[in-house]
Amino acid sequence: MSIAITGTGSYIPSQTIKNSDFSDHQFLNLDGTTFNHENTVIIEKFKAITGIEERKYADKKYTASNLAYFAAEKAIEDAQIDKETLDYIIVAHNFGDIAYGQKQGDTLPSLATRVKHQLKINNPKCVAYDLLFGCPGWLEGMIQANAFIKSGIANKCLVIGAETLSRVVDDYDRDSMIYSDGAGAAIVERKENSGEILAHESATFAIDEANYLFFGTTYNKEINDSANYIKMYGRKIYEFAVTHVPKAMAECLNKSNISIDEVKKVFIHQANEKMDEAILKRFYKIYGKQMPKDIMPMSISKLGNSSVATIPTLFDMVKNGKLENHGITKGDVVIFASVGAGMNVNAMVYRI
């Protein structure tokens, strides 16, 4: 029997924040100085580069573990399993539970424990733990679940990616427009004729690249704010991603012994539309081919970048026919790929 994804679920918050909602923001440079352009120009350039038109923010009453729980319930129902038979609950995130209006993340107890509590799972042998791996966290959790099952340590795992990035952004940083909230989940188990994980690849680059994403203070030097916010060196991340992600994808595909012509879809972390397109073009160039039309489903224009949640929510949408012009059927070969803080890169080849 193969190790398969037998159920998926996602939670996409209902609150929509459009680009126009940032029109009155005061955006500042790193040194605290103002931009020469008006916000309309800044927002237009932002959309042209990232592809983001709007994003989703969580309701004030919910935290990341709540979103994770909502997605988990749907995945369990989709897989038609008894939740008490789960051996592991793995929750990928970056900042823990952040209550609305707060700046400090809460990770005690772990988000995975909180999800298990909300699911009301009694079985103490269902082990719950958190995974910090930047944006590739959910995919790395899938790789770990595969290893647990393959080794005989587990039979069924629940892997979740959940984040409320809207609560760790500096309002004076134009990059704040990138981030969003959401959660996606998958049940992974050994089951006949239900799909198969064919290969995976992971890497961490930490010599020159470790601090490309980091925690930093607000760009507004005139206010008394000691809190830290998510910051990044966008150009460096772009160059890193378009160099290393295509290589990781190719190494993974080669390990799977699957021809690139058999790949039906690539589910890539929704970080930046132009960057993702560049990654895919370079990936196909490795094999001397052009990137096929409709190979890369994209949700970033409406959902923004929800970090660990982008791939599982995107996969769930396509699987359930909720993304126009995209679908998957039994037997299709797909690739998952991600890049993020660390700097971490990973990929997985999967047969539906």
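The largest cavity in this predicted model is lined by Ile12, Pro13, Lys56, Asp181, Gly182, Ser299, Leu303, Gly304, Ser306, Thr310 and Thr313. The elements that give two or more residues to this lining are strand 7 (181-191) and helix 8 (310-319). A search of the whole structure finds two cavities of 30 Å³ or more.

**Cavities**

- The volume of the largest cavity is about 70 Å³.
- Its lining is made up of three nonpolar, six polar and two charged residues.
- The second largest cavity holds about 40 Å³ of space.
- Residues lining the second largest cavity include Cys135, Trp138, His269, Thr310 and Ser338.
- Helix 4 (137-151) and helix 8 each give at least two residues to the lining of the second largest cavity, and helix 8 gives the most, with three.
- Seven nonpolar and four polar residues line the second largest cavity, with no charged residues.

**Pockets**

- The largest pocket has a volume of about 1,200 Å³.
- Its lining has 46 residues, and those nearest the centre of the pocket are Asp175, Ile178, Met232, Tyr233 and Gly234.
- By class, the lining of the largest pocket divides into 26 nonpolar, 13 polar and seven charged residues.
- Among the elements that each supply at least two residues of this lining are strand 9 (213-216), strand 10 (229-232) and helix 5 (234-256).
- Helix 1 supplies the largest share of the lining of the largest pocket, six residues.
- The second largest pocket has a volume of about 430 Å³, and of its 20 lining residues, Tyr57, Tyr100, Ser166, Arg167 and Asp171 are the closest to its centre.
- Eight nonpolar, six polar and six charged residues line the second largest pocket.

**Helix 1**

- Helix 1 covers residues 39-50, and at 1.5 Å a residue its twelve residues should span 16 Å; the end C-alpha atoms are 16 Å apart, which agrees.
- Which residues of helix 1 are buried? They are Asn39, Ile42, Ile43, Phe46 and Thr50.
- Seen down the axis of helix 1, the buried residues fall within an arc of 95°, so they line one face of the helix.
- An α-helix has 3.6 residues a turn, so residues three or four places apart point the same way.
- The buried residues of helix 1 pack against strand 3 (54-57), helix 6 (273-286) and helix 7 (300-303).
- Glycine 51 follows helix 1, and its phi is positive, near 85°.

Notes:
Residues are numbered from 1 along each chain as its sequence is written. This is a predicted model: local features need pLDDT of at least 70, side-chain atom pairs count only at pLDDT 80 or more; totals for chains, interfaces and linings use all residues. Side-chain values use heavy atoms; hydrogens and water are left out. Helices (H or I, at least four residues) and strands (E, at least two) are DSSP runs, numbered from the N terminus. The expected span of a helix is 1.5 Å times one less than its number of residues. Buried means under 20% relative accessible area, exposed over 50%, partly exposed in between (1.4 Å probe, protein chains only). The arc is that of the directions from the helix axis to the C-beta atoms. Contact means heavy atoms within 4.5 Å. On a 1 Å grid over the protein atoms alone, a cavity is a set of points where a 1.4 Å probe fits but cannot get out, and a pocket is an open set with protein on both sides within 12 Å along at least five of seven lines; lining residues have an atom within 4 Å of a point. Grid points are joined across faces, edges and corners, and a volume is the space filled by probe spheres set on the points. Ala, Val, Leu, Ile, Met, Phe, Trp, Tyr, Cys and Pro count as nonpolar, Asp, Glu, Lys and Arg as charged, and the others, Gly among them, as polar.
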